[in-house]
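Subject: The structure I promised you

Hi,

Here is the structure we talked about, ready for you to open. Have a look around in the viewer before you read my notes.

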Amino acid sequence: MQRGYSSVVVGLVFTLIPIPALFIRPFVGAITDKYKCRKSLLISLIAINSLLVCVLMFIPGTSVKTEISDVDVIKLPTFWLFFGTLTILNTGTMARSVLENTICLGLLGENKYKYGEQRVWGSIGWGTMSFVSGMVIDWFSKGQDYKNYTPGIIIALMAGILDLFVALKIKVVENIESKIVASGVKKCLADVRVLSFLLWVVAFGFFNAFIWYYLFWYLEDLSKMYHPETIPNIKSLEGLTQTIQCVGGEVPFFFLSSFILKRVDNMKVFSLMFFLFAVRFLLYSIITNPVWVLPVELLNGLTFALAYSAATSYAAELAPVGAEGTLQGIVGTALQGIGAPVGSFVGGYMFDRFGSITSFKFLSGTALAICIAQTTVNSLLNRYSKDKHVKENASSTDCPNIDNNNL
């Protein structure tokens, strides 16, 4: 936004950036399943990402008061340098997430439902450092016409170095003797209920894209339109939204996810998630003061943390032995390689054409419609599906982990 890029360009950027992840996530999952090299590849990716963060500091910045035309933007060499760096950085991050989830679930063994209790620490780190970074950026930018993001990049680099140190200490659990059974993966993916699960994961990513990529844009719109007095501290406010999302929303539900998922069907969790997305987007559309967004962010615990835990642990249950990383890669691709890019592209168009407030009103209705559709489809599948075949698959060596109750 500060560089003068329109919401259309931003939407296009965040649509194109995840495309390599469509291939890298399942590729990394399959390669590490085959060659048992999860830890070494994880360490390499952490190091590469840390170096790329450094590159961001040296890309010449442009700070303009008015938007640059989209045609002029794509002619700028600095735009392509910026875009290329972000693309490589995002690709490495997506590959890392597959390894992190697979390693974590391997360490948990039979207690995969406790995944959320481990993932919660990522939320604590994200929520804490987002607020700290926002405050430091505002403080460092006092007296300047534009925000200086260098302190945030330095903080990210320091966190990357600590991450590398921790990763070196992890003892990775891998099934050395197991081999990927391709027919097992195919049988899992051919089941109609597994396919429907992946479809809902795509929708999950679609709605999250509007929060990941456009929440800050929306807050700055509110500041400019209704409360310009909040502009000097807008980065602190934006950082605080992440803190509320994580510490106030995600942390409790990542902790509670193991308790909830042992008692509640995964697809019912998804139904609740879609309904609360409708509520969340509706609240966005009626707020005029950006400060009032803060209590709304508490819903992130249900719209992201609990649903993400359900998707990840469910994928681990479905995975044939030896193909854990492959299935995690497929689910991750559905979420961040398909759903999020489509949401980003649609979001860029909607924000440019209709504005942020009207866009959130439309999204609220869309989320409610998908909630109704998902609940109906899941009910019909449970009623009319041939349970016998699922049980046979569950007992076969090709696809041993399908749990008919969770399906």
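Below is what I found, starting with the whole chain and ending with a single residue.

One thing to keep in mind: this is a predicted model.

**The whole chain**

The protein chain has 16 helices and zero strands, so you can follow it helix by helix in the notes below. Of its 407 residues, 52% are buried. If you take the contacts in the chain with a separation of 6 or more, 85% of them join residues 24 or more positions apart.

**Helix 9 and helix 10**

Now find helix 9, residues 192-225, and helix 10, residues 234-261. Their axes lie 11 Å apart, and the two helices pack at an angle of about 135°. That angle is why helix 9 counts as oblique to helix 10; to be called roughly antiparallel, a pair needs an angle over 145 degrees. The crossing of these two is right-handed.

Which residues make the contact between them? On the helix 9 side they are I211, L215, F216, L219, E220 and S223, and on the helix 10 side I234, K235, E238, T241, Q242 and Q245. Sorted by class, this contact has five nonpolar, four polar and three charged residues.

**Helix 9 and helix 1**

Helix 9 also packs with helix 1, which covers residues 7-16. Here the axes come within 11 Å and cross at roughly 160°, so helix 1 is roughly antiparallel to helix 9. This crossing is right-handed as well.

From helix 1, the contact uses S7, V10, G11 and F14; helix 9 brings Y213, Y214 and W217. How do the residues of this contact divide by class? There are five nonpolar, two polar and no charged ones.

Last stop: K36, in the loop between helix 2 (19-35) and helix 3 (38-57). Its phi is near 55°, a positive value in a residue other than glycine. Is K36 buried or exposed? K36 counts as buried because its relative accessibility is 18%, and the cut-off for buried is under 20%.

Cheers

How values were computed:
Residues are numbered from 1 along each chain as its sequence is written. This is a predicted model: local features need pLDDT of at least 70, side-chain atom pairs count only at pLDDT 80 or more; totals for chains, interfaces and linings use all residues. Side-chain values use heavy atoms; hydrogens and water are left out. Helices (H or I, at least four residues) and strands (E, at least two) are DSSP runs, numbered from the N terminus. Buried means under 20% relative accessible area, exposed over 50%, partly exposed in between (1.4 Å probe, protein chains only). Contact means heavy atoms within 4.5 Å. Axes are lines fitted to C-alpha atoms, for helices over the stretch in contact, and angles run from 0 to 180 degrees between N-to-C directions. Angles under 35 degrees count as roughly parallel, over 145 as roughly antiparallel, 65 to 115 as roughly perpendicular and the rest as oblique. A crossing is left-handed if the near helix is turned anticlockwise from the far one by less than a right angle, and right-handed if clockwise. Ala, Val, Leu, Ile, Met, Phe, Trp, Tyr, Cys and Pro count as nonpolar, Asp, Glu, Lys and Arg as charged, and the others, Gly among them, as polar.
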